[in-house]
Structure formats: structure tokens, C-alpha cells
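Please look over the protein below. This report covers its charged pairs, its nonpolar cores and one of its helices.

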Amino acid sequence: MLEWPRLCQHLSTFAATKRGTLAAQALVTPETQAASINLLTQTQEADWLEQHNSGLNFGGIRDIGTAVERAYRQGLLSGDELLAIATTLHGARQLRRTIDAQPPEDIPVLQDLVADLSTHPELEQQIYHCIDDRGDVTDRASPKLGEVRDRLKSTRQDIQQRLQRILQRQSGAMQELLITQRGDRFVLPVKAPQKDAVPGIVHDASASGATLYIEPQSVVELGNRLRQLLRQEKTEEDIVLRQLSDAVAEVYGDLTHLLAVVTELDLAHARARYSLWLEANPPRFIEPQEQTTLRQLRHPLLVWQQRHEQGPEVVPINLLIRPELRVVAITGPNTGGKTVTLKTLGLAALMARVGLYVPAREPVEIPWFGQVLADIGDEQSIEQSLSTFSGHIRRIGRILAALSGGEDEGDEDGGGDGEEMEGLFASSPSLTPSSPHSLIPSLPFANALVLLDEVGAGTDPTEGTALAIALLKHLADRARLTMATTHYGELKALKYQDGRFENASVEFNEATLSPTYRLLWGIPGRSNALAIARRLGLSAGVIDAAATLMATGSQDDVNQVIAGLEAQRRQQEERSQEAAELLAATEKLHREVQNKAHMLRDREQELKLQQQAAVQQAIADAKRDIAKVIRRLQQGDATAQDAQRATEAVDAIAQSRLPAAAPSPAKPGYRPAVGDRVRIPSLGQTAEVLTAPDDDHRITVRFGLMKTTVSLADIESLRGEKAEVPVKTKPVDTVPAAQAAPPAPAIRTNRNTIDLRGMRVAESEAVLEEAIAQGSGALWIIHGHGTGKLKAGVHEYLKRHPQIQRFEPAAQADGGTGVTVAYL
């Protein structure tokens, strides 16, 4: 009635293997909530794999169940069947590797599923050794088989050679100059009148009788030998196949388990792909005290029809069912979507139960229903003498029996049903909103979803109404949730007598005289029978007469009240829509303001970088100018005082062009103690204090294997606190590190120049360490070009050394790239 097999058929199209397809078409619904949660977790993990790893690859997996079963029963497997087993073992191993390669916290359930999977690579290799890609036994399968096939090849060649000689000698007697076969015998096509020219055995003749297919007498003995060899070959092949079949039978249990695991993986993969295709979301099973939330719920079969069969657009519904509700009565016009609503909810409950996502907007919160019981459609039968009403009663009787654990579903005369139905009319207390039973069932209810279409229909309206009311009250005590459609107005009043009841209706557009298929909560619907009859073309006179008759009764007043409520609801929806549009416009404006703020921030940063680049360029230009002066000084008779004045000029240019540094936010007053860990920003190192400050406000620190003495002004605590230094101490350079001016070019002398040419890298490092320890300012290192290894080793050593600020190739006049200048 819910068309569940059709949904399973749709699911099966997303399976990758034959067994997965068959399992999806006959999908088994789990019996416990824990089993459903496990299936849902598998689907979520397969979804994760689909999103992050392109899903699972089921290449090579075959349906080997029948072959494995036959091998277990001592049957002989063919080469194709054995090859399918080998490819399946390989495919299963690849699946396990893909799953095991993922982080354990992302797919724990699937990893547990394949944890004990045995893929028997030795059996796979044994099959590949003995069976080729066409499913034939290979020559290497056994020495005797290889020997027999060599003899077969030799015998065929002898036969071919003898027949070729006969063709050449007796070409005039031949119908065609070719060698053919009849059965396993080689024959020649001889003209019938000249058969005596080729003595031998006639194996066949053409339809006209003009051609005889003769095996010449000279090759008969070779043909007999060939037949014997073919039999020996078949015997040897059967021996190989028997050995492989027995090997398969020995691991029957592992192969059966492997097939079950692969099928379960394929089902999880199919559920994930189908759920993604539906644009569905994972459900959460709620407790009895929580609200059922299904927003924008779509009928999955209608979604399929829309996308694959050019069907109409699917109209979603909203189901927000409070935890105390037990019965929802849906009213409204025919063709308005009441029955589709029942089917949609029923399918959603079943989809969640089997581990599928539900096509609704997040969050998807739904109870786990152990039973989904439905009476939808017409079960009248002439053969069984069942009217529409009788068919409904039989179904309802089976529903009540299922709720009470009865076993009368196969009862043809419906005797058990009568007893259940009799209980509906037993005296039961009237439930009012003030009754303590209005929110709590008087009897323990079954964890079941009951769906009733046109409850109480098909009989006298008065009796049908009484039966429907009694039935719904009965189900309110016994089922977790009942949803029923009806046209009876009296059922709409149950909401105001019992807090466990709620009304809902399907919307009808009176302007177009057509349904909108939207579900409205809290307002009972009108049948709109006269409006629908007018739209379908019924005589206007008949409709007017019916309207006159309705006006004389009280139903018209009720309809007017309902119409007023619907008008108020539409006004509230319009206002809500306006508020939503205003909120959307506000959010859009907020995003625009944020974007502009980000743009301004980026622009400001870009301008700062441009300014810094301009300053650095100016300093670099000044440095080049002064370097020229220094080179002239080196080439002439200039003194060191001249070079010192040039250096001071560079410093002056740098200080004049660089912006003043912002005051440091660090907290002053820090006094390092022996054993403290401090930071040395100029070296980018964290060090341990070995001595207390001396009279010159210097301390000894150690970082790694290096010990050095630094000023208190050059250190700070790990929290950014600057060390306290007396006023007379030379102030720390306030130029930011990112904008610090390049050091002034130093003068190259014999004392600050070392020659490493001809040394190995290890030897050069010792010389460099000594020169760095004794030097200051700049150090010229001559390494030459050569193979480039010495230069690379020197540069790598300078990169690691904590006392080297930077290094660069020397000027062209000082040796260019064959010399490196290191600044200490």
C-alpha cells in the first residue's frame, strides 16, 4: 500500500554488484532500534567515503555464491567460475584496503565490518597460476598437461602437413583448397564425382550432395591419436579443476562471510548514493518525550517521478508532531494530497528504519517505529464477497491484532476481527482536556505507526462516524502515533475533547478551485465538494441547489468559521513572509558591510606594504651608492676614517627614511633569574639563563649547544615582558625587525676574509666556526665555483648558525658568486 517495493527497486539501481542489487530489491527491515542505528551509521560512513574518497570501488566483485556452494558439495567448478572467485577475492581485498586506509575515527563501523575479512591471496594466486583470462586451464597448471598439449600441437602440425600435400597433389578433385573440420576430425572438401581420387572416410556432405568432406586414409591414424590426446588433455584439466575446487571448498566459511560483508558494504554504498541523490538528510531517532520534526518532507517516489519521468514538481509538507499527540486527523478535499501525506510519513518511517536518509530538511527527528500498519486504498473483492466497507474492516482488524500481538492475519472468516471490533464499542471513559489521561495513555502503547485512509467510510455516515471515533480513541491508547484522513466533521471536534488529538488539513485554493497540496496544522479542513464539482464541470443548477440545501443546516456556519480561520492563517503567513524577506535583506546588507570592511582592511595593509617596499628600495639605492664610495676608497689611498664617515652617512639615510617604531606594548620590570627560560628576539631563539646580570647588565645564556653573553636589553620573558635596564644603558634600536635597515657595508680586509678553496665541507665548517667566533661585522668567505658542493655546504652551515644574521654573494669586484659575504 505504501509502494515500498517500488522504492526498493529505485534503491537497487544504485547498487554496484548483482548480490547488492538483489538484496536492495528484497530489503530486510531490522527488528530493533540498535540494528537501525548501526545501518544508519554505515550509511553515514559510506556517505563520508563518497564525499572524501570518491566512494568504494566494487570492481571485480562477482556473484560467486552458487559456485562456492557447489564446490562445498564436492561439485567441479569451471574455469570461468574459478576466475570469478579470484577476481572477487582481489576486489574484496581492495575494498578492505580502501576502508583501512581511512582515519579510524571517521569510519569505525565499516572498519570493524572488514576487520576479520579473509581474502586468501594464496588461493587467488593459485587460481591465476592455473586459469588464464579466458577461463581456460593454462599449460603451466601441471607438467603432464603441458606435455600432452605439446604432443597435441605436434600431431596437429603433422595432420596439417599431410593434408596440405594432398591438396597440392589432388587440387583438381577439390571443391575448395582448404582444410576444415567435422567434429574433431580434419577433412577435405572433395567433389563427389572424384571421391575415389582421395580414399578415406566420409564424415559429411553438403546440402546439395556435390561436396563430400573426406578424412584421407593417410591421416586417419593421426586423427585417432589426436582424439586420444584430447581425452588425456580433458582428464588433466579436470584434475586441475578438481584441485582448485577442493581448495575453494576448504575456505567455504570464509568465502560465504566475504560475500555477506561485500553485500553489506554494497548496500551501505547504495543507501548513501541514493540518499545523496534524493538530497536527503540523516534522521535521528527521538525519545517519547521529544517532538517529531520533519520539515520540507518530500515523497521519494514522487521525486523519482519528477526527475526520471518528467513528473510535476513535488510539494513538500511539514510534520511537527508534539510528543503528547497520539492521533492526527487530516481533513480536506478529495485529490488534495491527504493520502500522499500518509504514504510520505509511512515511507519516511521505513526509510529511517532501514538506514536510509529521509528527504527532509535538517534536523530530521523521528521516532523508531517497530511496526508501520496501514489501511490505504480499496480492498473490495467480488471473488471474496468483500465490499469497500468490509475490506476496510478486515484490514483494521488485522491492524488491531498486530498491535495486540494476535495471529489472525490469515483468518479467512474474520472471526478474530469481530472480537477486536466489538471491543471498540465497550464503555470507555470520556477523555477531556482536564483528565489526567489526556496526555498519558491509559494502557501501554505499541511502538507502532498506524495510517488510516478515509476511516469509517463506505457505510452509513452516522454509524461510520461513531465507528471512526471509537477506533481512533482505541488507537490513541495502543499506538505511538496514528494518522487518519476523514471527511467526517465530528472527528474534527476530538481535538477539543482530548489533548492527544490534533487537526490538520490540506489547503485548497478557492480562486483557482484547485488543491495546493500543502499541509496546514491546527485548522480542520473543508471538503469543498461543491467547488470541486463545479471545477469538474457538473451542472451549475445542481450545484446551486446543493448550496441552498447546505445553507439551511448548521454546516454552513462551521464552514464560515473555518474559512475565517484560514483567512487569518493566510494573513499571518504573509506577514511572516514579509518579516523573512526583511531579515534576508538585513543579512544581505550586513554581509555587504562586512565585505567592504574586509576590503578596506586589505587596502590598508596593501598600502603599508607598498610604503615599506618604497622605504626599503630607497635604502637599497643608498646602500649601492655608498658601496661605490667604499670601493673607490679601497682602490685609492683613503683611510679608515673616510670609510667610517661613509658608513655613518648610510645610517643617517636609513634613520631619516624609516618611520619611527611604535612603542612596545611589552610590560617592563622583568628581572631574569638563573634557570629561567627567556626569548632572544634578535636571534629568534629561546634560551636558558646561566648567570645573573653583571655590572654591565649582561647575562650568559645557553640555547642548544651554544653559550653566549647578551645584554638585558636583548631579551624578554616568554610572556613578552622586557627586562628592566638602568637609564644609562644604551637604548635598544627601535626600528621594527621587518623594516630594519640593512647593515652598512663593511671594509674587506685580510682579517675578515677566509679562503676555503680546496677544502672539504667538513673541514670548512671548522674554519668557519673559528672565524665566526673571532669576527664581528662582516665576513668574506672565498669558496669559488668548482662543482658547487663546497658553496652549498657553506650556505647550509650559515643558514643553521645562530650568530649569522644574513649572507649574500659578494659584489662583482669582490669575486661575485664565488665569494659569500656573511653578516654576524
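Arg806 is partly exposed, at a relative accessible area of 23%. The model is a predicted one. The partner of Arg806 is Glu808, and the two form a salt bridge with the closest N and O atoms 3.1 Å apart. Glu808 is partly exposed too, because its relative accessible area of 24% lies between the cut-offs of 20% and 50%.

Elsewhere, salt bridges with shared partners tie Asp139, Arg149, Glu233 and Glu237 into one network. The structure holds 36 salt bridges. Side chains of opposite charge can pair when their charged atoms come close.

Another pair is Glu716 with Arg679, whose side chains meet in a salt bridge at 3.1 Å, N to O. This pair links distant parts of the chain, 37 residues apart. Glu716 sits in strand β19 (residues 716-717), and Arg679 in strand β15 (residues 677-680). Is Glu716 buried or exposed? Glu716 is buried, because its relative accessible area is 12% and the cut-off for buried is under 20%. Arg679, in contrast, is partly exposed, with 29%.

A further salt bridge joins the side chains of Arg73 and Glu69, at 3.2 Å, N to O. Here Arg73 is exposed, with a relative accessible area of 62%. Glu69 counts as partly exposed, at 27%.

| Pair | N to O distance |
|---|---|
| Arg806 and Glu808 | 3.1 Å |
| Glu716 and Arg679 | 3.1 Å |
| Arg73 and Glu69 | 3.2 Å |

Now to the nonpolar residues. In soluble globular proteins, nonpolar side chains tend to be buried together. The largest nonpolar core here has 54 residues. Which residues have the most contacts inside it? They are Trp4, Leu451 and Met483. Helix α12 gives the most to this core, with 8 residues.

Trp4 leads on to helix α1, which spans residues 4-12. In this helix Trp4, Leu7, Cys8, His10, Leu11 and Ser12 are buried. An α-helix has 3.6 residues a turn, so residues three or four places apart point the same way. What covers the buried residues of α1? The cover includes α2 (18-25), α10 (252-278), α11 (300-308) and α12 (338-353).

Notes. Residues numbered from 1 in each chain as written. Predicted model: local features only at pLDDT ≥ 70, side-chain atom pairs only at ≥ 80, totals over all residues. Heavy atoms only, no water. Buried < 20%, exposed > 50% of the residue type's maximum accessible area, 1.4 Å probe, protein only. Helix = DSSP H or I, 4+ residues; strand = E, 2+ residues; numbered from the N terminus. Contact = heavy atoms within 4.5 Å. Salt bridge = Lys/Arg side-chain N within 4 Å of Asp/Glu carboxyl O. Core = buried A, V, L, I, M, F, W, Y, C linked by side-chain atoms within 4.5 Å.
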